[in-house]
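Below are my notes on the model, as numbered points. They cover helix packing, aromatic contacts, charges over rings and a few loop residues.

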Amino acid sequence: MSQAVPEFEEQSAPVFISRQPIFDRDKSLYAYNVVLHHAEGKDASLSLATEGMSDALHGVGEKARLFISCPASITVPDELFHIEKDRLGLVMDMSPDSQKQSRMGYAKLKKQGFYLVLDGYTGQPHYDALVALADVIILPFNKLPIPTVLGLARQLKKSNAHLMASGIRDWESFEGAKVFKFKYFHGPFFGTPHVVPGRSISTSSLSRIRLLKALQAPSPTLESLANVVVMDPTLSYKLLKFMNTASMGFKSRITSIPHAITLLGIVPFTRWALAVVMSEFDNTTRGRELVYLALQRSRFLELTGSVLENVSYAADTLVLLGLFSKLDALVGMPMDQLLDDMPLNPIIRDALNGRQNSAREWLDLLEAIETGDWGIVFKIVNKYDISSVDAAKNYFFAASWAKNIIGVLESQ
């Protein structure tokens with residue numbers, strides 16, 4: 001996974017761009033809520049009028065709609081964001097002091113065929129005009145009492161908008177929100193393990209878990225690592241095909257697993273093998289999103305950790321932390337069971353199991369970026385003397401890199 005850090009494009013703003021997946025009732029990816037925050041505190045939405053945003057958001061879920069906050073004064077959102085009109089979901093914003101102007105601006109966008117989203121609706125009277133324009137109305141499900149949710153759901157039946165529940169934290173809440181006839185769902189639930197009582201882990205998943213553990217054996221040699229990989233013909237085939245793609249940049253064709261290990265080195269090869277194995281656990285859109293997120297996390301931690309002097313473990317260790325951080329969600333098992341007997345650094349094991357330590361802070365940083373908790377983000381980057389601009393750039397590059405890797409994995 002080690003690659004030279006590319007130069008950041010001058011026309012691209014140093015903005016944190018994170019995309020939060022939105023799922024439908026069948027747990028299929030429907031859209032992304034795009035969270036923007038300028039590393040220097042400027043207006044992220046307007047500063048992102050660059051081709052860079054379009055590049056960062058392409059990849060996984062290329063047909064998914066993108067929910068982006070858009071002031072009513074913007075007359076050509078698709079040109080501003082460099083994203084096709086039929087992919088945009090414009091999140092409306094209206095303060096009580098500018099109701100008339102906002103209503104008129106969004107009404108014009110609606111006539112132009114833009115898809116409009118009303119977020120944070122709890123029955124506010126000054127939102128009534130926007131309810132009539134909205135294609136999707138988002139209710140903060142986790143912040144409202146159940147009787148209030150029920151009342152709002154009944155009230156909004158009169159509108160033509162679809163209902164979306166935000167703040168869904170776990171699978172129990174997801175099932176509860178489905179009862180209220182919500183069509184779309186947003187929140188951290190998708191990244192948690194969906195453990196179904198009585199359901200056993202499939203034979204193929206158990207085989208992949210054994211592979212993950214074998215790939216983490218201490219002090220591997222070229223021979224021992226090759227022996228682990230060739231035990232699984234499918235993994236061998238996929239890895240060789242993966243290594244021979246143009247994006248890997250090898251001039252000569254790689255003909256065997258030992259050949260690949262010799263060219264890459266044991267540590268980089270092991271990382272690629274882990275990535276390929278993880279991509280095999282869940283072939284749904286949710287599974288692909290989890291693999292994308294794990295890859296992005298690992299690359300961000302590698303880019304950020306490689307230049308730090310006040311961290312007591314190597315960037316390679318941080319890579320593994322990011323890569324395994326969504327393993328429980330991918331497999332559908334508690335993390336402590338998955339990591340049982342896996343030869344990991346104890347600090348990394350504890351962090352993945354949710355225990356607070358120095359490594360756990362890096363996962364806290366990633367989760368804060370993903371959810372838009374900027375107070376936590378800047379607290380952690382300041383603690384480690386990381387430039388917020390550099391952190392934003394690294395996150396951007398990690399997204400583009402993960403997008404490319406996912407494309408290669410899905411083409412096999």
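1. Helix α13 passes helix α20 in a right-handed crossing; a crossing is right-handed if the near helix is turned clockwise from the far one by less than a right angle, and left-handed if anticlockwise. The two helices, α13 at residues 285-305 and α20 at residues 388-410, pack at an angle of about 135° with their axes 8 Å apart. Axes here are lines fitted to C-alpha atoms, for helices over the stretch in contact, and angles run from 0 to 180 degrees between N-to-C directions. α13 and α20 are therefore oblique to each other, given that angles under 35 degrees count as roughly parallel, over 145 as roughly antiparallel, 65 to 115 as roughly perpendicular and the rest as oblique. The residues of the contact divide into 15 nonpolar, four polar and four charged.

2. On the basis of the model: it is predicted, local features need pLDDT of at least 70, side-chain atom pairs count only at pLDDT 80 or more, and totals for chains, interfaces and linings use all residues. Residues are numbered from 1 along each chain as its sequence is written, and side-chain values use heavy atoms, with hydrogens and water left out. Helices (H or I, at least four residues) and strands (E, at least two) are DSSP runs, numbered from the N terminus.

3. Helix α18 (residues 358-371) packs on α19 at an angle of about 140°, with the axes 8 Å apart. That makes α18 oblique to α19, and α18 passes α19 in a left-handed crossing. Helix α9 (residues 222-230) and helix α12 (residues 266-278) have axes that come within 11 Å and cross at roughly 10°. α9 is therefore roughly parallel to α12, and its crossing of α12 is left-handed.

4. The structure holds 18 aromatic pairs. Rings of Phe, Tyr and Trp (its six-membered ring) pair if their centres lie within 6.5 Å; planes under 30 degrees apart count as stacked, over 60 as edge-to-face and the rest as tilted. F67 and Y115 form a tilted pair, 6.5 Å centre to centre with 35° between the planes. This pair links distant parts of the chain, with F67 in strand β3 (residues 65-69) and Y115 in strand β5 (residues 115-118), 48 residues apart. F67 counts as buried because its relative accessibility is 1%, and Y115 also counts as buried, at 13%. Buried means under 20% relative accessible area, exposed over 50%, and partly exposed in between (1.4 Å probe, protein chains only).

5. F141 and F182 make an edge-to-face pair, with 5.9 Å between centres and 90° between the planes. F141 lies in the loop between β6 (136-140) and α6 (146-155), and F182 in the loop between α7 (171-179) and β8 (184-186), so the pair ties together parts that are 41 residues apart in sequence. Both F141 and F182 are buried. A separate entry is one aromatic cluster formed by F23, W171, F174, F185, F189 and F190.

6. Which residue lies over the face of Y292? R19 does, at 4.0 Å from the ring centre. The charged end of K85 sits over the ring of F114, 4.9 Å from its centre. The criterion is NZ of Lys or CZ of Arg within 6 Å of the ring centre and within 35 degrees of the ring normal.

7. Most residues other than glycine have a negative phi. K27 has a positive phi, near 65°; K27 is found in the loop between β1 (15-24) and β2 (29-38) and is partly exposed, with a relative accessible area of 33%. K181 also has a positive phi, of about 70°. K181 is in the loop between α7 and β8 and counts as exposed, at 66% relative accessibility.

8. T122 is in the loop between β5 and α5 (128-131) and is partly exposed, at 35% relative accessible area. S387, in the loop between α19 (374-383) and α20, counts as partly exposed at 34% relative accessibility. The C-alpha atoms of S387 and A39, 348 residues apart along the chain, are separated by 8.9 Å.

Methods. Nonpolar A, V, L, I, M, F, W, Y, C, P; charged D, E, K, R; others polar.
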